[in-house]
Amino acid sequence: MEVIQSGMGTLIQQPAINEFREWNRQKPKALIDKRMTEAEAVSRFIKDGDYIGTELYGTVRCPMSLVNEIVRQGIKDLRVAGQGVLELDMLLAASLVKELDLTYIGLEVYGVSNVLRREVESGRVKNCVEWSNAGITWRFKATAIGVPFIPVRSMLGTDTLKYSAAKVVECPFTGDPICLVPALILDVGLIHVHRADKYGNAQIEGISGFSAELARSSKRLLISAEEIVDNEVIRQQPDRTIIPYYLVDAVIEAPYGSHPGEMCYNYRRDESQIREWVEASKDPQTTESYLDKYIYSVKDHQEYLELIGSEHLEDLKLGGE
Amino acid sequence: MSHAESQDYKPAELLICTASRLMLDNTTAFIGTGIPMLAASLAQRMHAPNLVTIFEFGGTGALLDELPIAVGGQSTFQRAIAATGICDVMETAQRGFIEYGFLGGAQIDPFGNLNSTVIGDYRHPKVRLPGSGGGNDVGSHCWQTIAIMRHDTRRFVEEVDFITTPGYLSGPGTREAAGLPPDTGPFRVVSNLAVLGFHPQSKRMMLLATQPGVSVEDVIENTGFDLVIAEEVESNPPPTEDELQLLRGEIDQDGLYI
């Protein structure tokens, strides 16, 4: 197959698909209790320099309690799949990110991410490689399928491709140029779900985002859940299980785990808290004060929730399904 | 209900109303973040109750009773036809099922290429913007894309600093040569000064209609490249009282966007 064009971006993580198979081979297949705290899960499974990814994103079903714990433990030099809002803002705000496969980091309705700007424009993020949202998700899909790359028709002809690590080849079947995106294998994936059992069988309500793909492309997978349910609850509705237990390494009970983001059917996003962050993030000092108040000065997620206040959290709750 | 034309509206409201009128009933439309969401919500209330909205993280066919704030938020699949995931949505677009794609960007060039990645040099950016997100995918796979932009010479530029999302790249035939699906590309650009299209042969941006109170000269003056001018430039009608009432009273009551 003739390579017509190679993106100039570096391959931050190698698509070592055989090694990934070996990894999966040795993962325990027994139903074992994987419940633990955020602190234990993060210290056991994430180390400096790891390549991590989160799902869904910042203001929607996001593993904020786990991300806050990463910031609290100061796990640094992270390489990150950059599709996010508040969660990646926190990691960037604490200067824990070294390299980014970047598709979107912004504040949606509130505009550009101030901390992304500071970290990238200053060069503290050493390396950015560009992708489209579908491009990066299809990279997860390639890993999930168990192949080293997947052909896609995104990114062609653009600078997004030029600054990616994708390649354009002549399709051996049609003769047309086609973009190949390499499998993205995560050292650690973090996903927040509506419910999981103690083994890690996880179910999600509403849209599933890219949870299925991200879960299947993670070597180690941390699942935080609004609710830990009995295994029998999972077995009553197996069609809802998006993430089966054998993919999972840790299960963390985290009510309001997506706060200040939303959790569909459970609670809405906390607009005042999000605005507080947007304002704080505009200046390095107020950014630091925010991290200090909401992350460094609280022991764990429980203490964070106490700081936010039960009355305030109650107001965010949505009516029954 | 009043179809009377209003004289009193903000630029954002004009953009939303103009974009909304381009959203047709019984069509599939990929809705990007921001103004496209408000336009879709307005279109469903005004003239397109069966506009099938598609949001990148899996919401398909939502009835936008409540304004989405995030492209993955609950309102993007409220009373929807399906709540799937990003792969399903992007693959649906790649298979050719999505007719229109509505997008924004920081810069646009004569061929409709969009930049939402960096201002300045890529390696030493003056401003690091959020990045492609789903923008590049929408511009690659939807049959016709519609960009919604504020209009000035900093945004309408001869050459964008970075092509995040493909328009007609460097002219006729270049999309196909790059491997993008044939017969796709930019369809309209909606700005606070004008509605623009693309010349069928040269694929360069072409002025089709001016917004209320705006002259052809105003548009030319605020565009950083030579525009093709249609033989007959039409006048775009202003927002109606009905549209503004819906926007202000129902769709964006909290004034998040307007």
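**Reading strand β8 of chain A and its surroundings**

Me: Which strand does β7 of chain A join, and by how many bridges?
Reply: Strand β7 (residues 167-170) of chain A is joined to β8(A) by four bridges, and the two run antiparallel. This is a predicted model. Within this pair, A:Val169 stands opposite A:Ile178 in β8(A).

Me: What lies between β7(A) and β8(A)?
Reply: The two strands form a hairpin, with six residues between them. In the turn, A:Gly175 has a positive phi of about 85°.

Me: Which other strand pairs with β8(A), and in what sense?
Reply: Strand β6 (residues 149-152) of chain A pairs with β8(A) in the antiparallel sense, over four bridges. There, A:Pro151 is opposite A:Leu180.

Me: How should I read side-chain directions along a strand?
Reply: Side chains in a regular strand alternate between the two faces of the sheet.

Me: Is β8(A) mostly covered or mostly open?
Reply: Burial is judged by counting other C-beta atoms within 10 Å, with 20 or more meaning buried. By that count five of the six residues of β8(A) are buried, and the strand is mostly covered.

Me: How many residues does each chain bring to the contact between A and B?
Reply: Chain A brings 45 residues and chain B brings 48. On the chain A side, the elements that each supply at least two residues include β8 (177-182), β4 (97-105) and α6 (133-145). By class, that side has 21 nonpolar, 14 polar and 10 charged residues.

Me: Which residues touch the most other members of the largest nonpolar core?
Reply: That core has 162 residues, and those with the most contacts to other members are A:Leu91, A:Ile223, B:Ala29, B:Phe30, B:Ala39 and B:Phe102. Helix α2 (residues 35-46) of chain B gives the most to this core, with seven residues. As for A:Leu91, its contacts beyond four places in sequence include A:Val67, A:Ile70, A:Leu78 and A:Val97.

Me: Why can chain B be called as compact as a globular protein of its length?
Reply: Chain B has seven helices and 14 strands. Its radius of gyration is 18 Å, close to the 18 Å that the globule rule gives for 258 residues, so chain B is as compact as a globular protein of that length. Its C-alpha atoms fill a box of roughly 45 × 40 × 35 Å along the principal axes, and 54% of its residues count as buried.

Me: What confidence scores go with the model and with chain B?
Reply: The model scores ipTM 0.97 and pTM 0.97. Chain B averages a pLDDT of 96, with 100% of the residues scoring at least 70.

Methods. Residues are numbered from 1 along each chain as its sequence is written. Chains are lettered from A and ligands numbered from 1 in the order in which they are written. This is a predicted model: local features need pLDDT of at least 70, side-chain atom pairs count only at pLDDT 80 or more; totals for chains, interfaces and linings use all residues. pLDDT is the predictor's confidence in each residue, from 0 to 100. Two residues are in contact if their C-beta atoms, placed from the backbone, lie within 7 Å. Ala, Val, Leu, Ile, Met, Phe, Trp, Tyr, Cys and Pro count as nonpolar, Asp, Glu, Lys and Arg as charged, and the others, Gly among them, as polar. A residue is buried if 20 or more other C-beta atoms lie within 10 Å of its own, exposed if 12 or fewer, and partly exposed in between; C-beta atoms are placed from the backbone. Two strands pair if DSSP finds at least two bridges between them. A nonpolar core is a set of buried Ala, Val, Leu, Ile, Met, Phe, Trp, Tyr and Cys residues joined through C-beta atoms within 7 Å. The radius of gyration is taken over C-alpha atoms; the globule rule is 2.2 Å times the number of residues to the power 0.38.
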